[in-house]
Amino acid sequence: LAERPENKAPRAMGRSKKAASTGNVKLFCYWCDKEFNEESHLINHQVAKHFRCPDCRSGSGRAGNCITLECLIQHSRKVHHTELTRVPNAKPGRDSPRDSMHIYGMDNVPDEVIQ
């Protein structure tokens, strides 16, 4: 196996080359553009605002509280027998579950959105 040069760090998917090389990664929510200082805060925001079932009543325990968009899509199919048609609380143009189901934190955010 070829060794990675010592000055080259692996680049995470979804982050721009410039941001990854400088360490100045702008953390933001793909669905609403809210900015964050830490990725853990970004993920907590996504779970609270974008991965909750809009059809389950709030305060009904853990029902409809999903940890990823893929989980919310599956929840909608299994519990409500419907397809999730839009990501909850997302901006128009970024609300398609099919187009963004693999985004989690900053992972898999399209490069054209980051730049």
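Colleague: What relative accessibility does Asp 33 have?

Modeller: This is a predicted model, where local features need pLDDT of at least 70 and side-chain atom pairs count only at pLDDT 80 or more, while totals for chains, interfaces and linings use all residues. Residues are numbered from 1 along each chain as its sequence is written, and side-chain values use heavy atoms, leaving out hydrogens and water. Buried means under 20% relative accessible area, exposed over 50%, and partly exposed in between (1.4 Å probe, protein chains only). Asp 33 counts as partly exposed, and its relative accessibility is 30%.

Colleague: Where is Asp 33 placed?

Modeller: Helices (H or I, at least four residues) and strands (E, at least two) are DSSP runs, numbered from the N terminus. Asp 33 sits in a loop, between strand 1 (27-28) and strand 2 (35-36).

Colleague: What is the phi of Asp 33?

Modeller: Most residues other than glycine have a negative phi. Asp 33 is not a glycine, yet its phi is positive, at about 70 degrees.

Colleague: Which loop holds Asn 108?

Modeller: Asn 108 is not a glycine either, and its phi is positive, near 70 degrees. Asn 108 is partly exposed, with a relative accessible area of 32%. Its place is the loop between helix 4 (97-100) and helix 5 (111-114).

Colleague: How many disulfides does the structure hold?

Modeller: A disulfide is a covalent bond between the sulfur atoms of two cysteines. Here the test is a pair of cysteine sulfur atoms within 2.5 Å. The number of disulfides in the structure is zero.

Colleague: Which pattern does the protein chain follow along the sequence?

Modeller: The chain has five helices and two strands. Read along the sequence, they give the pattern α-β-β-α-α-α-α.

Colleague: What share of the residues of the protein chain counts as buried?

Modeller: Accessible areas come from the Shrake-Rupley method with a 1.4 Å probe; for residues, only the protein chains shown count as cover. The chain exposes about 8,000 Å², with carbon and sulfur atoms supplying 48% of that area. Of its 115 residues, the buried share is 32%.

Colleague: What share of the contacts with a separation of 6 or more comes from residues 24 or more positions apart?

Modeller: Contact means heavy atoms within 4.5 Å. Among contacts in the chain with a separation of 6 or more, residues 24 or more positions apart account for 48%.
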